[in-house]
Every structure is written in structure tokens, then in C-alpha cells.
Amino acid sequence: MTLDQVFKGNSISEVLELLNQYKEDAKIIAGGTDIIIGLRNGKITPKVLIDISKIDELRQIQVEENKIIIGSATTYTQIVENELFDTNLYGFKKACRLVGSPQIRNKGTIGGNIANASPAADSIPPLIALGAELNISSLRGNRKLLLEDYFNEKEDNRLRADELLMSIEFEIPKKNQVLGFSKLGLRKALAISRVTLSSLIGIDDDVNIENIRVASGSIGKYPMREREVEEALIGKRFNSEILKIAASSLQSSMDKRLVGRSTYPYKRRAVVTLFEEVYKDNLSYFNEVTL
Amino acid sequence: MFIQLVINGINYKVDIDPNMRLIDLLRDKLGLVGTKEGCGEGECGACTVIMDGESVNSCMVMAFQADGSNITTIEGLEENGELHPIQKAYMEEGSVQCGFCIPGMIMSTKALLDKHPNPNREEIREGISGNLCRCTGYNKAINAAERAIEILKEGAKNEA
């Protein structure tokens, strides 16, 4: 490791000052579950480390009007133990429960999953499906960014050296909406996902799909919206008929994106089953809730 | 730089290097070698300790981040020369072969039982899912956790 100096951040303003002072030489650490590996194998070589894991404002889950705001240093365990995510947001909780192991969930943070931009980040597809936005701050000011725009080819939107990811926020889904999630890993715990899929589906009084957002993880370079399947399903009646339509449009997206990769045939098959599982989750919620 | 922390009930003020991890502090600086380093990547759980009430991989925490925290390692479980009920249960159930994963396994079990004193088998499985064992397997570890729950209950009854 190459560290000369380490700081325990006591407040957001102190952290922003430090980032402004050290810029590229500094790295933020919260849970440490990704960054310590990077420090040890020499993939990252900062001179300064700034710990944000003890700043209360960054590690809380708040409800403001119709929004949930999650501080960037909130751990997976905090999310899993919060009953806000028990009903129609269960897909998010399910994704967070499948991250790593108890030890990793006790330390790993939602902000770290985003800032490190892993293609296999479990928590990201549900947040993209929710239309989540990032709140980013620096001494230069604040900016808001759609999470789905954070991940792109150009990397223009990524955090700059003097910026701190403050929180992630999204609108609380309405009673007629539900978030589903499904993951394919090679074992139950400590499994890096091979493919993940999440969808937010809202139905109207006639049980037609009124609004839909689908997002995937590990199918491509970063987590992303699956617009082709969204377009195919909008307005359709919510029943098992949609499974066929979803399968063919998801596979058509795979055909465009993954051809030539060794995992292509495997993932092309896997997305179909994952969508079926997400559908079952959604269905059981709609069956339980009287709209 | 100096940090202050409580380990196994004892107050420490120690001089650390900025590049040190918690496991380096525990093992190399303080000689608490019961905590093992396996993979060094947060996969195997051999280095599990309890930090402020939660199980963590001590290879995934920087030493300076532990400033002001309260840490329990495997060395801190014994009380008045007597083994902790979880340790006794591991011996009774024959849950230890090579032993390398056991300190971490026991700390995860303790973190689980501290939060949920009465977990079912599935919950125990989940509780130790961050600890890899390559020789004894997991069934004996789960049996030990169940036995530990019994011993803890008997202890509570005797005290009452």
C-alpha cells in the first residue's frame, strides 16, 4: 500500500475540503470491502485515504414526502433490517440480502457499490428500475444524476476526484407498483452474480401494465436499463402471457449485445428464467394486495 | 499515528502505520494471533472479529478505521478461565479438524446469537455463510451452534 496519510472524516464539509485539497491523490473509504483489495494488489495507489464510515448523515435512511433517501455510507445490513423495504420494495431488500456474506453486508455500503461501478453490483439493477438519482457534492456545488446515466461508455458522469457521493434517492413506489429482483450466482453466499434482473411494474385497474422499468446486471459492461423488453410489455395484460414476449425481447437484446462472448449462450438462456422469477415475485405481491 | 480502541475489554492506545489493516494490528502488533488470515479478500471469513456488535472481516477494515471502536476477538471469549459456551459446543460436537477456520466461524456464530438468541438451522447456515471450511464441513458447525444455544439456555436458567 502507498498511503502517507489517513483521515477519519468527522463531517461532510471536512471531507469535501480534504477531497478538494488532495484530489487525485485521495480515495474515499467507507466499507472498504472493494478498496482494500485494490490497495493491496496495487490497482489503486492513493497517497491519502479518507474514511466516511462514521459520518452519521451519510449512514441513514430517511423518508421525505414521497421519497426514500439512502445515505451513501449506509450498509447492506442497515437496509436489510429496515422495514421500509418489506412490501413492494422487497426486490431491493432481496438484492441487498444476497450481497456477499454477513461480514460483507455489515461493512459494505450502497454508495461503494455505485462508486466502484462493478458490472456485477447486486444492488444497482433494482435502484435503476426504481429510477434512482444520485446526489453528488463538492466544494464547487451539488449535482443530481440519474443512476442509469452514471454508468455509460464515456465515463463523463462518473465521480470526479473532488466529489463525494452523498446519497441515493428514489420515489416510493405506489401501491399498484412492485419491484422484483432475481439473481443467478454459482452458490448461495459470497457469489458474484452471473446475471441479475430487476423490474418495477405498475398495473392499472384492468390489470394492464401501466408503467415498467427493467434493469439488468452483469449483462454487458455495466448495469443498464433493458428498454426493448419495457417497450414490448407496456400496455400488456399482466399475466403469464407476458413471459413469452419478455423472453423473446430480452433474448433479442442479448443477441445484439453479447454475440461473440463466451457467456452469450448461457446468459441468453438465463435471462428467461430470471424474468420468470421476477414475474412470480411481482405476481405474489399483486395477489396479496387489493388495489 | 495513534489510535485508541477497546479490544476484549482492554483499553489500547497504539501507534499504527497508515497502511495497516485491523488484522495486521491484531496479529503483528498486539500478538492476538487467534484471528487468522486466510484469503485476505473478504471471501473466507477466517479473520472474522466482532466490531461494535457486528461481525466483520478484519482484513477488510483499515486499522485507523477502528479508532474508537470496541472489538472482540476469539481470545476475548473465555471468561474466568472458562471457555465460552460456543467454544465448548465445538469441542463436544467434534466440529474442529484442522481448526484454521474455527476462530472466524465461532465469532460469526457469536455475532449471530448475540442478535438472535434462538435461530433455526437455516438461519444458522446463513449466519456462518461468510465462513469457508475446507475440511470438517458445515453440518458439524451447525450442530455446534445448536448445542451452544442449549448450553446458553441452561446457563440462563441456572442463573435465574
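I began with Arg268(A), which is partly exposed at 27% relative accessibility; by the cut-offs I used, buried means under 20% relative accessible area, exposed over 50%, and partly exposed in between (1.4 Å probe, protein chains only). The model is predicted: local features need pLDDT of at least 70 and side-chain atom pairs count only at pLDDT 80 or more, whereas totals for chains, interfaces and linings use all residues. Residues are numbered from 1 along each chain as its sequence is written, chains are lettered from A and ligands numbered from 1 in the order in which they are written, and side-chain values use heavy atoms, leaving out hydrogens and water.

I then looked up the partner of Arg268(A) and found Asp255(A), in a salt bridge with N and O 2.7 Å apart (a side-chain nitrogen of Lys or Arg within 4 Å of a carboxyl oxygen of Asp or Glu). This pair joins helix α11 to helix α10 (residues 241-258) of chain A, across 13 residues; helices are DSSP runs of H or I of at least four residues, strands runs of E of at least two, numbered from the N terminus. Asp255(A) is partly exposed, at 28%.

Next I checked Asp281(A), whose salt bridge to Lys94(A) has its closest N and O atoms 2.8 Å apart. Asp281(A) lies in helix α11 (residues 264-288) and Lys94(A) in helix α4 (residues 90-97), 187 residues apart.

Lys8(A) belongs to strand β1 (residues 5-8) of chain A.

Over all chains, I recorded 30 salt bridges.
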